Amino acid sequence: MKDYQLGEFEEIVLLTVAILHGDAYGVSIKRDIEERLQRTVSVGALQTALRRMEDKDYLHSTFGESTAKRGGKRKRYFEITDLGKQALAYSKETRNQMWNAIPKTVFEFSWL
Amino acid sequence: MAVNQPPQLATKLLRWFCKPQYLEDIQGDLEEEFYDRIELNPNRSSSGWYWWQIVKLFRSGIIRPFKPIDSTQKEISMFKNYIKIGLRNLWKYKMGTVINVLGLSTGVAAFVLIALFIKDELKYDRHHENADNIYRLTIKNFTSEGALSRHWAFASAGHAERFKEDYPEVIKATRFYPWAFPDLLVGDRKFPAEQVIFTDPDVFDMFTFPFIEGSPETAFNTEQSLVLTETSAIRLFGNDWQTEGVIGERVTLQRDGLNAPFTVSGVMKDMPEHQHFHFEYLAPIRFIEQVFGESSMSNVTGNYNWLTYLMLQEGTNPVAIENQKDAFFDKYVGQFAQGGDAKDYYDFALQPLKSIHLHSNLESEIETNGSIQQVYIFGTVAILLLIVACINYMNLATSHFSRRMKEVGVRKVLGALRSTLVKQFLTEAFLVNILSFPIALILAELALPHLNDFMGKSLSLGFAGNMDLLIGLLLLLVLVAVFSGSYPSIFLSRINLTQALKGESTINSNKWNFRNWLVTFQYAVTIALIFALAVIESQLYFVQNSDPGYNKEQLVSVGLSRNIGNLTTFKNELLNHPNVEKAAYASRIPTGRLADSWGASFNQGDSVASVNFRLPFIWVDDDFLETFQIELVAGSNFSADMDMIEDSVGYYLINETTSKALGYDNPNDIIGQKINYGNYDDQTFKAGRILGVTRDFHFESMHTSITPMIMMKGDNMRTICLKLTGDDHSQTLADIESLWYEFDQDNTLNYRFVDDRFNEQYQSEMRLSTMIKVFTSIAILIGCLGLIGMVAFIIETKNKEIGIRKVLGASAGDIAINIGYRFGILIVIATVVAIPCTFLIVSDWLDSFVYRTSITIWMIMLPAMVVILVTVLSVGIQTIKAALVNPAVILKTE
């Protein structure tokens, strides 16, 4: 089984790209994460994660249109690849397995 | 509004560190968000945010690699292209390549060889750990007039000990005394006349002599210890001396009936070649002290036979010791019996050990030293030859510029910067040098045995374990390549783009450009060398062909040994040989040195005045003047019935210079005058009369002037000189050899022809002459190659001019003159510059001779004429060829 390395932030970014399906570029991804998770994201952190995952083939990018606000610079749209989907699935699967492995009593106890 | 724009500086920063392929969209994202933020809240400054985002982008993954991979690859591929084009050009113009490589490799080979030689010369005596603090004590003698008469490399027996006792700065002192070559006995085998050196025990603390057997501490444990070197151990005990163990072996010293048993106490490594003395046997000086007695060991004046070295405390200035001179001689000598303070007649000088080999050329040096003058001359010539070779490359590389003009134009159109072109042509210079260096090394390797043979060296070009040489050669390669490639690359990269592509000649060869200076420099070097050679050769011719005042032809000198008992019988036996015409004994013979000198006083009427100039002597017999064919200008020769030893009255012969120095311009007047001559200390002082005056003759070489001298009849003879007749000298010498063995079975016959000895006085000058000849040939060779290139360049640029001139009626000769005249100007300039510079050096060299040739106008004209001849030969053919081309062929290609 292939080892899918996925950090916490990376996973969030990957999920957001999937959520924004077709409209995922730097600014939109950043805004979505900030709104959804109520946390600030720096361009640096985001870009590093995007590029790293592109290198790992979880993401694929293409240049899109440019706007006046961007000073004529093109957007780079990100798309999740099949490998990226597998990585997300694998990540979710392992979490679920782990959730399931927790004895019920742990939660009950904590509820008390 | 400027405020509402992203800070430029931050953007610049991003642009600088961000990977270029990410830059566009990241920058776009940043700007979009920046303006979004302003729309959202126009009052808030977003610049800080923008800055902060960019700072946070500065992390791995975003930052581009420090060495831009792209541009390195581009450089590499460009270099591949330069090399490819360079090699193609070298291959295409084979003749030019051959000329280039030949010129460079010859120059480099000469440089490498001279560098090896100089490095070797500078190495002397540096291996001793204490080399910096060791000084040789040398003694100066003065005449009563205060003029320096002799400067001796040796000191007297008593100096070393007194220096060590009196001056605390002198921490060690040692003498080396070669005691009269005793015979050595090992078992029943006899080794005649070995050079056993007696020395002080300090020697092992001062000099670094590594021991193979034994140790420096135990070397002189007894008074009769003997330290060998590897070579002498092999001589005495055979090749397997080490396995047999020689420590403790008995070696008997035999001399004059003395039989002293010595014990081998150690074996040292052979003294290295780079040392100014070489000894094979060392023995304690205490032994000699007993033989000689205490009194003669305390002598501090005269008897300069003790090579003396002092080791000073670290940081002591030797001048401080030298300044003690007056006190020293006052204390140990004071006043002479015949009047005068000793301190006025003697001085000492301390020579640093490391400078002895190159800087010292004193009376009776232990071995022939090198000369710093020679090092300077060779060094200068080496650098000049290298520059000349580089200039050659420059000339040839630029002379064919038109071949490369279009290429340069196209490269410039395609975006080549000037620096790119400079790189390209430097690469080509490197290529030619990389081709030349192996050839240079092969040339050097081939010439090395001759140089070694000639200079008496054992230089080698071995790379194994010799990183210095390798690094040196690499540095030289880079240096030569950059220097020789500098001008061509600047010149070629300067070519104007449009003109280059149009095919117009952009270089006007009529202009006085840098290339002319280069050629002038080449001419100047060649002229300087030829001029120097002319002066040296003329001086050598002068000294070897002017009359020395005696006849040196067919004269053989034979060194005597102690075993020749009866000198009279030996001489008569020799004279019995039909081919031995004359024979004469002497203590020293012309071509040697007048090293022995005693005191003299001269009776002028009733008063006796001591002679205030140095008056050296030689012992001779009745036949000396006749054998050497030295003329008497007044008085008569010794006759058989006169005997200096037995007779109460002495007889003296003097030379004309002595007569004049004593105040008698007419030698006839001095005949019969009384002179007292001798060694005051030894009581051999003898009153006598002047019997005859000889014509002046050059006893010593022509480096020194003819000095006064006195000849005495005596029996302290070291040499017999034989005047040979007949043609078959080898047979005569064989007969003499067999006669020799009847008198001496131990020693071999040791003979030399006097004319060989005569020539040897000028050996260093002859060597210099030969070396300069070689250098001159190299300079001329390289210069010719350069000229050929230069002329090719001129013809190329003047092709059309030649054509038009021909159409208008010029003859081939006119055209040759038109092209050739410029070289005339260059030669004149080169002569004007080179001759005075060389004159200074050469006249300095000539000053080492007292009798010298004068520099004539011919010597000044000769180099220019040689250079003109060479120029005409190398320029003429090409020019005539160019001038003979049908002008229609040239002119139709417009």
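Predicted model: local features only at pLDDT ≥ 70, side-chain atom pairs only at ≥ 80, totals over all residues.
One of the residues involved is Phe142(B), whose bridge partner in β2(B) is Leu148(B). Five residues lie between β1(B) and β2(B) in the hairpin that they form, and in this turn Gly146(B) has a positive phi of about 90 degrees.

Turning to the aromatic side chains, a search of the whole structure finds 47 aromatic pairs over all chains. In one of these, Phe163(B) and Phe328(B) have ring centres 5.0 Å apart and planes at 40 degrees, so the pair is tilted. This pair links distant parts of the chain, since Phe163(B) belongs to helix α6 and Phe328(B) to helix α13 of chain B, 165 residues apart. Phe163(B) counts as buried because its relative accessibility is 0%, and Phe328(B) likewise counts as buried, at 1%.

Another tilted pair is formed by Phe176(B) and Phe279(B), with 5.0 Å from centre to centre and 45 degrees between the planes. Here strand β3 of chain B, which holds Phe176(B), is linked to the loop between β10 and β11 of chain B, which holds Phe279(B), 103 residues apart. Both Phe176(B) and Phe279(B) are buried.

Ring pairs also build a cluster, whose members include Phe163(B), Phe328(B), Tyr332(B) and Tyr346(B).

Charged side chains meet aromatic rings as well: Arg74(A) lies over the face of Phe63(A), 4.1 Å from the ring centre, while the charged end of Lys552(B) sits over the ring of Phe758(B), 4.4 Å from its centre.

Terms used: Residues numbered from 1 in each chain as written. Chains lettered and ligands numbered in written order. Heavy atoms only, no water. Pairing = 2+ DSSP bridges. Helix = DSSP H or I, 4+ residues; strand = E, 2+ residues; numbered from the N terminus. Phe/Tyr/Trp six-rings, centres within 6.5 Å; stacked < 30°, edge-to-face > 60°. Buried < 20%, exposed > 50% of the residue type's maximum accessible area, 1.4 Å probe, protein only. Lys NZ or Arg CZ within 6 Å of the ring centre and 35° of its normal.
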